[in-house]
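Hi,

Here is the structure I promised to pass on.

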Amino acid sequence: MPVEITWWGHATCTIEDSNVRVLTDPLFARRLAHLRRRRGAPPPPRAWQADVAVVSHLHADHLHVPSLARLAPGTRLLVPLGASRAVPALSRLGHLRIDEMAPGDVVTVAGLRIRAVPARHDGRRLPVGPHRSPALGYVVEGEARTYFAGDTGLFDELADEVGPVEAALLPVGGWGPYLGAGHLDAGRAAEALARLAPHSAVPVHWGTYWPIGMDAVRPHEFHAPGDEFVRLAAERAPRVAVHRLGHGESVRLGAAR
């Protein structure tokens, strides 16, 4: 059975493996604080359908409570350890089954294993305040092993922590003119791809949200990361098939290990 990956924009994807739907960092809003969705329609109601949703870290463009509220009753929600304390609004999501995760933790949903792995990123809810929760990536293990990186910088132990995978969903950009520490741009994502050496990759976290009133400020940082990642990946990881998806587009990947 092939694994199907759909990119809805930003870091929101559906990974369908073994008839289980995994939704990553659900964000369905047209506007979030000073950001507006500049490309691609908000994900349709079918994107809200999932057996399990995973949240990589507590920043509001990754843990968005109004989007999580749209998930169906009984949906499993995996969040970083300490999230419920750091984000009290999660207590309003009584219709979801919430589990807190630390690196190395594994949850099984209908036979599909989801393993939390470390990320190098600021895990705080706000730009200031105590570090209460780790930033995470997740490896979805079923017919294939699919790595969702969330937000992360490049770090020496990346390949060892993630392990062998067939597919990688890697962030290649951001939502503003400059990327701070703890992020992958197209070049660093291509280096991560070379280290991980999966069969396939999908660039995410680019070309969706941009600050209101800043359309003319470094526009290449909005438009270019997807194509730049494709180009650099061909140089540094030529054996990896890179699928640059448009918003709402899907790709089916072979599941053989």
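Which residues have the most contacts inside the largest nonpolar core? Before I get to that, please keep in mind that this is a predicted model. The residues in question are Val 22, Tyr 138, Tyr 147, Leu 170 and Phe 229, and the core they belong to has 54 residues. Helix H4 gives the most to this core, with 6 residues. There is also a second, separate core of 20 residues, and among its members are Phe 28, Ala 47, Val 55 and Leu 93. As background, nonpolar side chains tend to be buried together in soluble globular proteins.

Now for the overall picture. The chain has 6 helices and 17 strands. Its radius of gyration is 17 Å, close to the 18 Å that the globule rule gives for 257 residues, so the chain is as compact as a globular protein of that length. Of the 257 residues, 54% count as buried. As for contacts with a separation of 6 or more, 66% of them are between residues 24 or more positions apart.

The sheet to look for is an open one of 7 strands, in the order E9-E10-E11-E12-E13-E14-E16, and its pairing is mixed. Its edges are strand E9 (106-109) and strand E16 (241-242), each of which pairs on one side only. Strand E14 (residues 200-204) pairs with E16 in the parallel sense, over 2 bridges. If you want to find that spot on screen, look for Ala 201, whose bridge partner in E16 is Val 242. Helix H4 (residues 186-196) turns up again here: this helix lies across strand E12 (145-148), strand E13 (167-171), E14 and E16, and runs at about 160° to E13.

Next, the charged pairs. Side chains of opposite charge can pair when their charged atoms come close. How many salt bridges does a search of the whole structure find? The search finds 15, and three of them are worth a visit:

- Asp 215 and Arg 36 meet through their side chains, at 2.6 Å from N to O. This pair links distant parts of the chain, 179 residues apart: Asp 215 is in the loop between strand E15 (209-211) and helix H5 (220-223), while Arg 36 is in strand E5 (residues 35-37). Asp 215 is partly exposed, at 29% relative accessible area, and Arg 36 is partly exposed too, at 28%.
- Arg 120 and Glu 157 form a salt bridge at 3.5 Å, N to O. Arg 120 lies in the loop between strand E10 (112-118) and strand E11 (136-141), and Glu 157 in the loop between E12 and helix H3 (158-162), so the pair ties together parts that are 37 residues apart in sequence. Arg 120 is partly exposed at 37% relative accessibility, and Glu 157 is partly exposed at 36%.
- Glu 16 and Arg 21 form a salt bridge whose closest N and O atoms are 3.5 Å apart. Glu 16 has a relative accessible area of 27%, which makes this residue partly exposed, and Arg 21 is partly exposed at 21%.

Is Asp 17 buried or exposed? Asp 17 sits in strand E2 (residues 12-17) and counts as buried, because its relative accessibility is 0% and buried means under 20%. Leaving aside residues up to four places away in sequence, Asp 17 touches Val 3, Leu 112, Gly 142, Glu 143 and Ala 144.

Finally, a couple of backbone details. Asn 19 has a positive phi of about 65° although it is not a glycine. You will find Asn 19 in the loop between E2 and strand E3 (20-24), where this residue counts as exposed at 58% relative accessibility. Ala 33 also has a positive phi without being a glycine, with a value near 55°. Ala 33 lies in the loop between strand E4 (31-32) and E5 and counts as exposed, at 59% relative accessibility.

Best wishes

Conventions:
Residues are numbered from 1 along each chain as its sequence is written. This is a predicted model: local features need pLDDT of at least 70, side-chain atom pairs count only at pLDDT 80 or more; totals for chains, interfaces and linings use all residues. Side-chain values use heavy atoms; hydrogens and water are left out. Two strands pair if DSSP finds at least two bridges between them. Helices (H or I, at least four residues) and strands (E, at least two) are DSSP runs, numbered from the N terminus. Contact means heavy atoms within 4.5 Å. Axes are lines fitted to C-alpha atoms, for helices over the stretch in contact, and angles run from 0 to 180 degrees between N-to-C directions. A nonpolar core is a set of buried Ala, Val, Leu, Ile, Met, Phe, Trp, Tyr and Cys residues joined through side-chain atoms within 4.5 Å. Buried means under 20% relative accessible area, exposed over 50%, partly exposed in between (1.4 Å probe, protein chains only). A salt bridge is a side-chain nitrogen of Lys or Arg within 4 Å of a carboxyl oxygen of Asp or Glu. The radius of gyration is taken over C-alpha atoms; the globule rule is 2.2 Å times the number of residues to the power 0.38.
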